[in-house]
Amino acid sequence: MVKSLVWRIVQIIVGGVFIYAGVIKALDPIRFANDIDNYKILPWMIGVRLAFYLPWLEIFCGLALIARRLYFGGLSILTALVSLFIVATVVDKIRGLDISCGCFGHASKNWSLPAHLALDFVLLTLLLLLLGRARGQGSANSLRNVDV
């Protein structure tokens with residue numbers, strides 16, 4: 001009982017983090033487009049399109065974690081997004097680019113790279129734990145439904 005309550009709290013916190021991050025970016029998509037452009041990975045027009053799309057994807061995936069609807073899909077997408085962001089951040093640091101993440105708007109603008117990466121790795125770890133738990137429960141549920 002306590003264990004499931006702890007997992008539920010983790011789901012709500014992680015979902016809330018992504019809803020908050022998505023809302024901050026959705027409120028200022030041009031700034032977010034500039035943040036995407038700072039990575040120098042994508043052409044400007046693709047970055048602009050992503051700036052209008054990604055925040056809403058984060059919001060809906062965060063809601064999926066909290067509402068537990070389309071849960072596995074939300075977890076999978078968020079895990080892929082965080083993984084991709086970590087790789088892009090490390091690659092750009094290796095390339096010598098000094099980037100501003102833009103993840104949480106002005107609140108995270110002055111964070112150091114290690115602070116950003118620490119938060120990203122904590123989120124990735126929590127997402128992977130939730131994903132592993134969801135897969136385990138999915139397998140257990142499908143086994144319980146099988147007549148033996």
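Colleague: What percentage of the residues in the protein chain is buried?

Modeller: Of the 148 residues in the protein chain, 36% are buried. The model is a predicted one.

Colleague: How many helices and how many strands are there, and in what order do the elements run?

Modeller: The protein chain has 5 helices and 0 strands. Read from the N terminus, the order is α-α-α-α-α. As for sequence separation, take the contacts between residues at least 6 apart in sequence: 71% of them join residues at least 24 apart.

Colleague: Which residues touch the most other members of the largest nonpolar core?

Modeller: That core holds 25 residues, and those touching the most other members are V14, F18, L65, L75, L127 and L130. At least two core residues come from each of α1 (2-27), α2 (29-38), α3 (44-67), α4 (71-94) and α5 (113-144). The largest share, 7 residues, is supplied by α5.

Colleague: What does L130 touch, leaving aside residues up to four places away in sequence?

Modeller: With those set aside, L130 touches W7, V10, Q11, V14, Y71 and L75. Two of these partners, V14 and L75, are also named among the core residues that touch the most other members.

Colleague: How is a pair of packed helices to be described?

Modeller: Two packed helices are described by the angle between their axes together with the distance between those axes. For α1 and α3, the angle is about 160° and the axes are 7 Å apart. Because angles over 145 degrees count as roughly antiparallel, α1 is roughly antiparallel to α3. The crossing of α1 past α3 is left-handed. By class, the residues of this contact are 13 nonpolar, 5 polar and 3 charged.

Colleague: At what angle do α3 and α4 pack, and how far apart are their axes?

Modeller: Here the angle is about 135°, with an axis separation of 8 Å. That angle makes α3 oblique to α4. The crossing of α3 and α4 is left-handed. On the α3 side the contact involves L54, L57, E58, C61, G62, A64 and L65, which meet Y71, G74, L75, I77, L78 and L81 of α4. This contact has 10 nonpolar, 2 polar and 1 charged residues.

Colleague: Is E58 buried or exposed?

Modeller: The cut-off for buried is under 20% relative accessible area. E58 counts as buried because its relative accessibility is 10%. This residue is found in helix α3. Not counting residues up to four places away in sequence, E58 touches F18, I19, A21, G22, K25, L78 and L81.

Colleague: Where do K40 and L70 lie?

Modeller: K40 is in the loop between α2 and α3, and L70 is in the loop between α3 and α4. K40 counts as partly exposed because its relative accessibility is 48%. At 75% relative accessibility, L70 counts as exposed.

Conventions
Residues numbered from 1 in each chain as written. Predicted model: local features only at pLDDT ≥ 70, side-chain atom pairs only at ≥ 80, totals over all residues. Heavy atoms only, no water. Core = buried A, V, L, I, M, F, W, Y, C linked by side-chain atoms within 4.5 Å. Buried < 20%, exposed > 50% of the residue type's maximum accessible area, 1.4 Å probe, protein only. Helix = DSSP H or I, 4+ residues; strand = E, 2+ residues; numbered from the N terminus. Contact = heavy atoms within 4.5 Å. Axes fitted to C-alpha atoms, helices over the stretch in contact; angles between N-to-C directions. Parallel < 35°, antiparallel > 145°, perpendicular 65-115°, else oblique. Left-handed = near helix turned anticlockwise from the far one by under 90°. Nonpolar A, V, L, I, M, F, W, Y, C, P; charged D, E, K, R; others polar.
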